[in-house]
Amino acid sequence: MTGLVQAIGRQGLSFTQELGRMGQFLLHAFYSMLRQPGRPLHILKQIRFIGARSLFVIVLTAGFTGMVLGLQGYYTLAKFGSEGMLGTAVALSLIRELGPVLSALMVTGRAGSAIAAEIGIMRISEQIDALETMALDPYKYLISPKFIAAMISMPLLCAIFDVVGIYGGWLVGVKLLGVNPGAYFTEMYRSVEWKDVWSGFVKSYSFGIIIAWVSCYKGYYAGHGAEGVSKATTESVVLTSVLILVWDYFLTSVLL
């Protein structure tokens, strides 16, 4: 019994220490962004890596997500004779929830894992230690550009996801199932408010922070060897995905 209590206590202390270190890392990253955000060229390279190179997977996922919403929404609304509301159902589902969440999960899998692996390799190869030895702040060269790029890229990717998804729903609903195209866009125009669009952008912006935060943190404190890097990469993807879903619930409850 004593051993069980000791094990629970050790796990609790370890969890609390990890939370404190993550919070300290986030505060240091924000301070570094305000004080020394890094060179514009470095930021542009990260925007290209996180944003532009994620465009294909975002468009592909958005198109099929919108098509599935159009297909499922049509048969659900048809039971109530409300097929004309299909545009509203697709648009609100994408703008409020699916657009920010799915685009963030896609970027996590494609860019977040790469960020964690990149920084983790720099940690085990002592490149970060070399920067610190030369009195150069690693946050300025490694962390800040990634944070800024993620916060810029995620809302833009979310907007692209929403637009492509809406036209995916239009393709299935109007072209395949015969919904009136005027009703599809007119009801969407009447129902979607600026509050819906704004809440989606707030979510995507905060998800960008979460992706950069967890990915950079896990890579920065990666363990030794290839096993440590692989473990840090896996943990960054899993933890980021879970945090995105949890934070989405709390943001939704506040923004509704």
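Analyst: Helix α9 gives the most to the lining of the largest pocket, with five residues; helices here are DSSP runs (H or I, at least four residues), numbered from the N terminus. The model is predicted: local features need pLDDT of at least 70 and side-chain atom pairs pLDDT 80 or more, while totals for chains, interfaces and linings use all residues. Residues are numbered from 1 along each chain as its sequence is written, and side-chain values use heavy atoms, with hydrogens and water left out.

α1 (2-35), α8 and α9 each supply at least two residues of this lining. Among the lining residues are Glu18, Arg21, Tyr217, Lys218, Lys231 and Glu235. A pocket is an open set of points on a 1 Å grid over the protein atoms alone, where a 1.4 Å probe fits, with protein on both sides within 12 Å along at least five of seven lines; lining residues have an atom within 4 Å of a point. The space in the largest pocket is about 220 Å³, a volume being the space filled by probe spheres set on points joined across faces, edges and corners.

By class, the lining has six charged, four nonpolar and two polar residues. Asp, Glu, Lys and Arg count as charged; Ala, Val, Leu, Ile, Met, Phe, Trp, Tyr, Cys and Pro as nonpolar; and the others, Gly among them, as polar.

The second largest pocket, of about 170 Å³, takes its largest share of lining, five residues, from α1. Its lining has six nonpolar, one polar and one charged residues. Glu18 is among the residues that line both pockets.
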